[in-house]
Number of protein chains: 2
Amino acid sequence: MLAGEDVFDRFRKLSRLNPDSCGQRVILTDENTRVHCLPLLLERMPELENAMVLVIPAGEQEKTLAGATRIWMELNAAGAGGSTQIICLGGGMVTDLGGFAAAAYHRGLPLTLIPTSLIGQLDAAIGGKTAVNLENLKNQVGFFHVPDFVLIYPPFLNTLPRGHLRSGIAEMVKSYLLGNPESWRRIKKLNVEQLLADVPDDLGWRKWVLPAIKYKVSVVRRDFHEHNLRKALNFGHTLGHAFETLSLGRTSGPLTHGEAVAAGILCESWLSALKTGLAAIHLEEISAFLKKGFPLFDLNAEDIPKILQYLRSDKKNRNGRTAFSLLEKPGKPVINVTCTPDEITDALNYYRKTLNSAT
Amino acid sequence: MLAGEDVFDRFRKLSRLNPDSCGQRVILTDENTRVHCLPLLLERMPELENAMVLVIPAGEQEKTLAGATRIWMELNAAGAGGSTQIICLGGGMVTDLGGFAAAAYHRGLPLTLIPTSLIGQLDAAIGGKTAVNLENLKNQVGFFHVPDFVLIYPPFLNTLPRGHLRSGIAEMVKSYLLGNPESWRRIKKLNVEQLLADVPDDLGWRKWVLPAIKYKVSVVRRDFHEHNLRKALNFGHTLGHAFETLSLGRTSGPLTHGEAVAAGILCESWLSALKTGLAAIHLEEISAFLKKGFPLFDLNAEDIPKILQYLRSDKKNRNGRTAFSLLEKPGKPVINVTCTPDEITDALNYYRKTLNSAT
């Protein structure tokens, strides 16, 4: 993994040393990154001018087997073979889907990921996970496929709408709660609007994004296949994914991943207070920070059984109980904490109360 | 990998030691192996009586993303999670497709393969390759996923129709030509009908099948990801797959995989004589053995451009030339031999001449 302003120079040097680098190159972008990020990439790496550019529709609805099949048919039509390198330029959708397509085409093509979103830079593109959704089931089907390179170039963050950055801040906060208590102490005094202004500039990126990247890398190095430590990263995501799925049916439009994760962190912090001894002061601070920074999701009493049903299909379900990754305190995650449907219901009702007290 | 009459006893002992073995078990069969092999398996392993049995349609047309999706939806409906073990009981189609489904569901479930066909036992189930076809493109999409166990139980061969066994003999002969010249010297004196009677009995299995299994295991151990040595196993398969695809459109019905491979070995032995110095006597002996044992495919002059077109989409295509794995002599394969369309055309015309001389 290479991160920083000079990633392309370092990439150029390293890929000259790579015997695979003589193959055809295919740049995968979505409609947005083709417009906002591809010109910047070609300016920094003019040698990619001749690469084939494959543009896919933007948005999570493309992250399916059908979306992957479209990529495979294009690769096939272009005569792509085992030495073809796939370069994914985009957010988590592009790197998850493009990584999946690269992992399975001819049993694995060389892969370079260039995440352009905040979530992509600090989370999705790090750690070799690729996936597509199966109907409503997020990331149900996928592979571990290690990219040859992950290039993290901070200026891409300047191309993002504020809503996208906000979404990434939820993941950043999750990372701090799990592994950077010092960063958590610093960030909790700020509000998300202040961070939005700070993160994209180079100094802010170094201060806020880099610690989250380093934490993710350290976890993945120690437990690539998610047998234990890496499970901690699911904090906020078990219920977060459920919120995300639930929101798909709403007329108000789907939640962004980060908004869903913010709601998930709130509920799972409550579960942490119940099950793993998270102190009330921490729960309050987390709740206060997230309430200020993220729109709350309008959760009704009738939604709760739907969420419980959804959890039964979740990857983390074990014999009818859902295994959560929770917190003992900031910097100290606890994995494999099973919670009953009643406990989860209470957590969701806590969220509903928070919601009411906020309005 | 466990092979022999006592595999189930050894499997039982080893899987008791495996911490994953407490999970739900799902046996994947096709319509044929459910009838002919599942009762035998349950007789030997009564503890599997409570396993969920998932039955898929028999035949190559199921080996697609749609077929994999059907398996994933069934697994999801059954609440399958990361500790669910998939046990594939069947021929190459079941182990390739079931392996693919297991490799990708929740980024990888524990997998046990129980190949019941001769091709499965000596080839398809060994080496961690999984795949599905994409439209007409064989094994275009797949993944390397190492099974926890491969159980090779000779008596399953008794459940097979003779045509299936014949198909496996083509792969067995390929294995001998590549890595067992002594076995090749013994087998070339026999004819396929004699072998068909011999292979399924236990002594015949030890004499004929086991050396092929050992060769495959030794190659895969040395080059799991097919960077070099393992490519040798493609001998006969580059044109074999082309014959197989071509035959799909025929009113005479598709070739079995083994029949297609027999035709492929014939053509690629001719290419070996041209490109890698295979002696004329070896080419004649290979040709004579295969002509006696396998129905010849009715290849027309108009088929040749179709085959050349097909090769351009093959995984082994490099910059418009097709890389073949050929023979210098029995026991000495040569990999990465590129052949021009003209050379391939000559090889196919040799096959057509052989065909005419045989009728």
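In what order do the six strands of the open sheet of chain B stand? In this predicted model, the order is 1-8-5-4-2-3, and the pairing is parallel. The edges are taken by strand 1 (2-3) and strand 3 (52-56) of chain B. Each has a single partner strand, so one side of each is left without a neighbour in the sheet.

Within the sheet of chain B, strand 2 (residues 25-30) pairs with strand 4 (residues 85-90). The two strands of chain B run in the parallel sense, and five bridges join them. Ile27(B) has Ile87(B), in strand 4 of chain B, opposite. Helix 4 of chain B packs on this sheet. Strand 2, strand 3 and strand 4 of chain B are touched by helix 4 of chain B, whose direction makes about 160° with that of strand 3 of chain B. Helix 5 of chain B lies across strand 2, strand 3, strand 4 and strand 5 (111-115) of chain B. Helix 5 of chain B runs at about 165° to strand 4 of chain B.

Chain A also has an open sheet of six strands. Its order is 1-8-5-4-2-3, with parallel pairing. Strand 1 (2-3) and strand 3 (52-56) of chain A are the edge strands, and each pairs on one side only. Strand 3 of chain A pairs with strand 2 (residues 25-30) of chain A in the parallel sense, over five bridges. Here Leu28(A) stands opposite Leu54(A), a residue of strand 3 of chain A. Helix 5 (residues 92-104) of chain A packs on the sheet. The strands touched by helix 5 of chain A are strand 2, strand 3, strand 4 (85-90) and strand 5 (111-115) of chain A. The direction of helix 5 of chain A makes about 165° with that of strand 4 of chain A.

The two chains meet at an interface. In chain B, 27 residues are in contact with 25 residues of chain A. About 2,700 Å² is buried between chain B and chain A, 61% of it on carbon and sulfur atoms. Zero salt bridges are counted between chain B and chain A. Eight residue pairs, both residues at pLDDT 80 or more, are in polar contact between chain B and chain A. On the side of chain B that touches chain A, two or more residues each come from helix 4 (65-77), helix 5 (92-104), strand 6 (129-134) and strand 7 (137-144) of chain B. Strand 7 of chain B gives the most, with seven residues. By class, this side of chain B has 13 nonpolar, nine polar and five charged residues.

Note on methods
Residues are numbered from 1 along each chain as its sequence is written. Chains are lettered from A and ligands numbered from 1 in the order in which they are written. This is a predicted model: local features need pLDDT of at least 70, side-chain atom pairs count only at pLDDT 80 or more; totals for chains, interfaces and linings use all residues. Side-chain values use heavy atoms; hydrogens and water are left out. Contact means heavy atoms within 4.5 Å. Buried area is the accessible area (1.4 Å probe) that two parts lose on being put together, summed over both. A salt bridge is a side-chain nitrogen of Lys or Arg within 4 Å of a carboxyl oxygen of Asp or Glu. A polar contact is a pair of N or O atoms within 3.5 Å; within protein, one must be able to donate a hydrogen and the other to accept it, and residues adjacent in sequence count only if both atoms are side-chain atoms. Helices (H or I, at least four residues) and strands (E, at least two) are DSSP runs, numbered from the N terminus. Ala, Val, Leu, Ile, Met, Phe, Trp, Tyr, Cys and Pro count as nonpolar, Asp, Glu, Lys and Arg as charged, and the others, Gly among them, as polar. Two strands pair if DSSP finds at least two bridges between them. Axes are lines fitted to C-alpha atoms, for helices over the stretch in contact, and angles run from 0 to 180 degrees between N-to-C directions.
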